[in-house]
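I opened my notebook on this chain today. Here is what I looked up, entry by entry.

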Amino acid sequence: MKSREHSLQTWAVNYLRWNGVYCFAVPNGGKRDAKTGAYLKKEGALAGVADLILLLPGGVAVFAELKDGNKPQQESQKIFQKNVERLGFDYLLWRGQQDVIDFMEGIKREKI
């Protein structure tokens, strides 16, 4: 993950948790040797998984991908998004702090 995406994700996690949202990252990226990659794939690692998983009251799971500016999603991320949405879950693409703030304001109105 590029440094601006890392900074955005770190900020987002802190902001969400400070606002009472239970969220976590799936450390799916990064460079690995072939042996480690094969090992993780056997354990269930899946290319394209969203950066953050948010668990909200009422059994709601939200998947959030964080991108620097207009950087496009990878094809594996588009496939993951399509599968998540097909199953009825929300998939969010956050490109800056304002996207996270807007999400939080929306769920505050719904009283998390």
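What share of the contacts with a separation of 6 or more do residues 24 or more positions apart account for in the chain? I found 64%, with contact meaning heavy atoms within 4.5 Å.

**Ground rules.** I am working with a predicted model, where local features need pLDDT of at least 70 and side-chain atom pairs count only at pLDDT 80 or more, while totals for chains, interfaces and linings use all residues. I number residues from 1 along each chain as its sequence is written, and side-chain values use heavy atoms, with hydrogens and water left out.

**Fold.** I looked up the secondary structure and got four helices and four strands; these are DSSP runs numbered from the N terminus, helices being H or I with at least four residues and strands E with at least two. Along the sequence I read the pattern α-β-α-β-β-α-β-α.

**Size.** For 112 residues I would expect a compact globule to have a radius of gyration near 13 Å, and the chain's 14 Å agrees. That radius is taken over C-alpha atoms, and the globule rule is 2.2 Å times the number of residues to the power 0.38. The C-alpha trace spans about 45 × 30 × 25 Å along its principal axes.

**Aromatic pairs.** I paired rings of Phe, Tyr and Trp (its six-membered ring) if their centres lie within 6.5 Å, calling planes under 30 degrees apart stacked, over 60 edge-to-face and the rest tilted. By this rule I count five aromatic pairs. Phe63 and Phe89 make an edge-to-face pair, because their ring centres are 5.7 Å apart and their planes stand at 85°. Phe63 sits in strand β3 (residues 60-66) and Phe89 in the loop between α3 (75-86) and β4 (90-94), so this pair ties together parts 26 residues apart in sequence.

I then checked burial (buried is under 20% relative accessible area, exposed over 50%, partly exposed in between, with a 1.4 Å probe and protein chains only). Phe63 is buried at 13%, whereas Phe89 is partly exposed at 32%.

Next I turned to Trp94 and Phe103, whose ring centres are 5.5 Å apart with planes at 55°, so I noted the pair as tilted. Both Trp94 and Phe103 are buried. I also noted one aromatic cluster, formed by Phe63, Phe80, Phe89 and Tyr91.

**Burial and surface.** Over the whole chain, 34% of the 112 residues count as buried. I get an accessible surface of about 7500 Å², 54% of it belonging to carbon and sulfur atoms, by the Shrake-Rupley method with a 1.4 Å probe.
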